[in-house]
Amino acid sequence: MRTLKLGLALGAGGTKGAAHVGVLKVLEEAGVAVDVIAGTSIGSLYGGAYAAGHTVEEMDDGIRTQPRADVINFFRHRLKIRDNNRLARRFYEALAGHHIENLPIKFAATASDMVEKCSVTITRGPLIDAIEASIAIPVIARPVAHQGRYLLDGGFWDSAPVDAANELGADIIVAVELGDPYQMPLNLRAPAAWLAERLQGVPLRRTMAGVPFTINAVLSELLPGRQADVVIRPQLPRFSGGSPFHMVKCLDAGIEAAQEALPAIRALLAGEAPALVAEEFEPAPRLVTDPGLA
């Protein structure tokens, strides 16, 4: 009998990504093995660490005890994992020396190609390089030169990298979405395009090169991708979810949302139709198992 492989697609969201750890915690405690992880932006950081063998307990403890000033310094130092601040050193010690193709759990990180203006899936090479590219938020971080491309944060194209998880061989895909890719309002499109055109000559290695790239990305039409079998949308603090001072709340929100989704995940892995087809909560949906409603 063929065993169905479970894949996680972990989306972007900055410090809200603590919710990903909550989801991993619930799955692990329930004995649900994860076979494939695809992550973008913060999802690549937590997902890559887990794929490399680091425990949920380590990540949970880090979120609950790491001084918030360290998180702020990590952003101030341009999200460079090799930089000399305490959180960067902690990430470096966890990720250095690992190559994606040798990880115990199949893994991919997605980033954005600045020249082609598209999503790139990284499935080989040093794990630390792939994650550093995937979390490189434009303007905050410098573009990352990697495998012949200039790359920035991967969260422009999908709420979660479901296509990448599918390409890794997942049969059942659970997406953890912390928000939707930003799209430029219609009334701002003309002035934004004018600014992007004026900045096109900035060298790709410079931080300011992220400005025209970002503008062009948020002006681009998003193409529909593969739908996840289960979509988990934790109910995050509406106004403060992106603050480093509310990461524990995001972690706990991930735990709560994953517990609600667990019966549907178990049913799908057993080859059954989940009892819960679709249930939406206001102000944001938290669980969708019908791909047509995702």
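This is a predicted model: local features need pLDDT of at least 70, side-chain atom pairs count only at pLDDT 80 or more; totals for chains, interfaces and linings use all residues.
Four aromatic pairs turn up in the model. In one of them, the rings of F74 and F91 have centres 5.3 Å apart. Their planes meet at 75°, and because angles over 60 degrees count as edge-to-face, that is the label this pair gets. The two partners come from distant parts of the chain, 17 residues apart. F74 belongs to helix α4 (residues 68-76), while F91 belongs to helix α5 (residues 86-95). F91 is tucked away as well: its relative accessibility is 17%, so it is buried.

Another pair brings together F156 and W157, and here the geometry is tilted. The ring centres lie 6.2 Å from each other, with 55° between the planes. Both partners are shielded from solvent. F156 has a relative accessibility of 13% and therefore counts as buried, and W157, with a relative accessible area of 13%, is buried too.

F74, F75 and F91 make up one aromatic cluster.

Now for the nonpolar side of things. The largest nonpolar core contains 82 residues, and I37 and L95 are the ones with the most contacts inside it. Helix α10 (residues 247-269) supplies the largest share of this core, namely 11 residues. What does L95 touch, leaving aside its neighbours within four places in sequence? The list runs to L45, A49, I81, L127, I128 and I131.

Is D60 buried or exposed? With a relative accessibility of 9%, D60 falls under the 20% cut-off, so it counts as buried. Setting aside residues up to four places away in sequence, D60 is in touch with V21, K25 and L251.

Definitions and conventions: Residues are numbered from 1 along each chain as its sequence is written. Side-chain values use heavy atoms; hydrogens and water are left out. Buried means under 20% relative accessible area, exposed over 50%, partly exposed in between (1.4 Å probe, protein chains only). Contact means heavy atoms within 4.5 Å. Rings of Phe, Tyr and Trp (its six-membered ring) pair if their centres lie within 6.5 Å; planes under 30 degrees apart count as stacked, over 60 as edge-to-face and the rest as tilted. Helices (H or I, at least four residues) and strands (E, at least two) are DSSP runs, numbered from the N terminus. A nonpolar core is a set of buried Ala, Val, Leu, Ile, Met, Phe, Trp, Tyr and Cys residues joined through side-chain atoms within 4.5 Å.
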